[in-house]
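Below is a set of questions and answers on one protein chain. Each answer works from the model to a name or a value.

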Amino acid sequence: MKVQLENVPKVIAIARIVLFAMAFLCLFVLDLSLLALILVSIPLLFRIAMRSKRFNIRVIEILTGVPVHVSKPTSEAPQNQPSLHTDNSSATRAPNYFRDPIAMSPDKIGALIDQTAEPALRLKRHWPPQVSFLGNSWLGGAPALPDGLAWPTHPDTGLSLHHLAQIDLSEMPSLATGAKLPKEGMLWFFADISIDLEWSEGPPAKGTAVVFHPTSTKGMQLAAVPETLPEVDHPDDQMTGPLWNFKGPNFALYPRWPITAHETLAWPFQDNQPDGVTDPMAYSEALQAREKDEKAKICGQAVPEDYRAKLITKEIPEERTRPNGTTFTYNKPIYAPELWGATFPFTARFAHHTLRWMNHDFATALQDASGRISYAKKTKNAPQERDLKVLETNAPVLEKLDALMRDLKQAEQDTPLSAALNERTQALFITFFDKASSGSKADGYAQNGAIDFAAEAMSTPALFDTVPSALLEQVAPTLQPWHHYTEHFLLGPKSSATNPTAGKGIRLAQFDSDYALRFMFCDVGIIDFWIDEDDLAAGRWDKAYGATAGG
């Protein structure tokens, strides 16, 4: 069955919904967490691939059955501007510029892009950490609330909302055009980051809150974290949530990361391209390049990443023999805690961050195996041997991990581990490495621990001096803000990460999924906060509300 060209986006959207529904079924009903992770990854990888012009064309050809090819420009078109057309001729049909583009000059494309640009304030995470930061604005962490101003709660459940951002308006540049924020005062953004992110979008808000205070709170102590603050990704009316294999250990408070605000241009999400566009592909590519350049002015150029970086392993060549008698060299990974000139994991604080991920690995495997064993018993089948083995080995390891993590919390946090604690820690690292049977997996959890440590250290830069700088350089590309990564805004137009939000009026703020902050909103989506123009002018901040855009 072939799809009409105008229905291609709908078909792709439906396919994504089906994949996420299947992932939900696998995770919560069938206890197939690995398959769920694979199903979640497919639409993410597809979205990345759709940035490729060649891949876009191939998808359209498959769905519509209409061959699309790139032809050289005619003598009337600029030599650097290829045109697309399909093998579908009709003298009477209405113009379809996707199938039959008419070349546009770079100047015309640039003029159309300039016409749709809108001013905004880009919120950049502070970098590098070694440079002191004296501002009063940050993402995550706890807010500095004045006396008498309560931490917001959900009106139905009574649970405290998660703090997303504190903005000191006196530190924000004033935009020459567009919506205006007060020149002084504080804004705090809160939301209930539950599994489903089901909020009442539109005033009165349930599940989100924007709080305003007329004067700066600079120098005030951070508010105490309420006991009613639930874990991130918790069930809607409960304090704790499930173990998410692909999100990592649960937590209640995001790391605090200082930010600076910068004037920039942003482009609104558009269902249709502007009038006058006769070569949609060329316009889209030029707009993406312009957006990339605008981000790079503030966030800098791309930093190369190496997800295979070795943090606690090294490889040694080992001669092995195949069944047919031939030999080959195998690079065997071994645990190497001395790679950085000091014994990994260096301090109790760093060890605790890393062990949380190792604990998560063992606990997740135990949970999955227990679920399969329970299902086998219900269906009167014999449990698999590998699941019984996990049950036998992981439970005692988890007991040791829990005991060690409690002792690490009681120890001096930022000095080298005592001999006794180091011995227990190394023994568990070796156990984990043997079980992981993969150096890359062990290094991956060590890297996650290093990222969590570095995010915490952003609020206390002296912590960076307690671990080898060379190790932190390995995880810096994940932490450092650069133009390809997340986008946090004040004001500006409605935009889209995976999908746009459904809010209306003035977009107060956009907070994007951000790995360094552990922000993860739906399917790598965004949270927007909206307010009516009249409510903003009148200071009716209780009318502001949050809206999500995910899978």
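Q: Which exposed residues does the face of α4 turned away from its buried side carry?
A: The model is a predicted one. Helix α4 spans residues 106-116, and its buried residues are I109, L112, I113 and T116. These cover an arc of only 100 degrees around the axis, which puts them on the same side of α4. The face turned away from that buried side carries the exposed residues D107 and Q115.

Q: Which residues form the negative surface patch, and is E198 buried or exposed?
A: The negative patch is formed by D196, E198, D236 and D237. Of these, E198 lies in the loop between β6 (186-191) and β7 (208-213). Exposed means over 50% relative accessible area. With a relative accessibility of 60%, E198 counts as exposed.

Q: What is the relative accessible area of L35?
A: L35 is in helix α2, residues 33-49. Together with L32, L34, I38 and I42, L35 makes a nonpolar surface patch of about 430 Å². L35 is classed as partly exposed, and its relative accessible area is 38%.

Q: Where is P345, and what is the omega of the peptide bond from F344 to P345?
A: P345 is placed in the loop between β10 (327-335) and α6 (348-378). The peptide bond that leads from F344 to P345 is cis, and its omega is near 15 degrees.

Q: What is the relative accessibility of D233, a residue with phi near 70 degrees?
A: D233 is a residue other than glycine, yet its phi has a positive value, near 70 degrees. D233 sits in the loop between β7 and β8 (257-266). Buried means under 20% relative accessible area. D233 counts as buried, because its relative accessibility is 6%.

Q: Is R518 buried or exposed?
A: R518 is found in the loop between β12 (506-512) and β13 (526-531). Its phi is near 65 degrees, which is a positive value in a residue other than glycine. At a relative accessibility of 12%, R518 counts as buried.

Q: How many residues apart in sequence are the parts that the pair E487 and K295 ties together?
A: E487 forms a salt bridge with K295, and their closest N and O atoms are 3.6 Å apart. E487 is in the loop between α10 (469-479) and β11 (488-490), while K295 is in helix α5 (residues 280-299), so the pair ties together parts whose separation in sequence is 192 residues.

Q: Which residue is linked with K295 and E487 in a network of salt bridges?
A: Side chains of opposite charge can pair when their charged atoms come close. K295 counts as buried, at 16% relative accessibility. The network of salt bridges links K295 and E487 with R122.

Q: What are the relative accessibilities of R320 and E318?
A: R320 and E318 form a salt bridge, with the closest N and O atoms 2.8 Å apart. R320 counts as partly exposed, at 33%. E318 also counts as partly exposed, and its relative accessibility is 26%.

Q: Which helices does the salt bridge of R424 and D407 tie together?
A: The side chains of R424 and D407 meet in a salt bridge at 2.7 Å, N to O. R424 lies in residues 419-436 and D407 in residues 385-410, so the pair ties together helix α8 and helix α7.

Q: How many salt bridges does the structure hold?
A: The pair R320 and E318 is a salt bridge, and so is the pair R424 and D407. The structure holds 16.

Definitions and conventions
Residues are numbered from 1 along each chain as its sequence is written. This is a predicted model: local features need pLDDT of at least 70, side-chain atom pairs count only at pLDDT 80 or more; totals for chains, interfaces and linings use all residues. Side-chain values use heavy atoms; hydrogens and water are left out. Patches are made of residues with over 30% relative accessible area and no salt bridge: like charges are joined within 9 Å, nonpolar side chains (Val, Leu, Ile, Met, Phe, Trp, Tyr) within 5 Å. Accessible areas come from the Shrake-Rupley method with a 1.4 Å probe; for residues, only the protein chains shown count as cover. A salt bridge is a side-chain nitrogen of Lys or Arg within 4 Å of a carboxyl oxygen of Asp or Glu. Lys and Arg count as positive and Asp and Glu as negative; His and the chain ends are not counted. The place of a charge is taken as NZ of Lys, CZ of Arg, CG of Asp or CD of Glu. Helices (H or I, at least four residues) and strands (E, at least two) are DSSP runs, numbered from the N terminus. Buried means under 20% relative accessible area, exposed over 50%, partly exposed in between (1.4 Å probe, protein chains only). The arc is that of the directions from the helix axis to the C-beta atoms.
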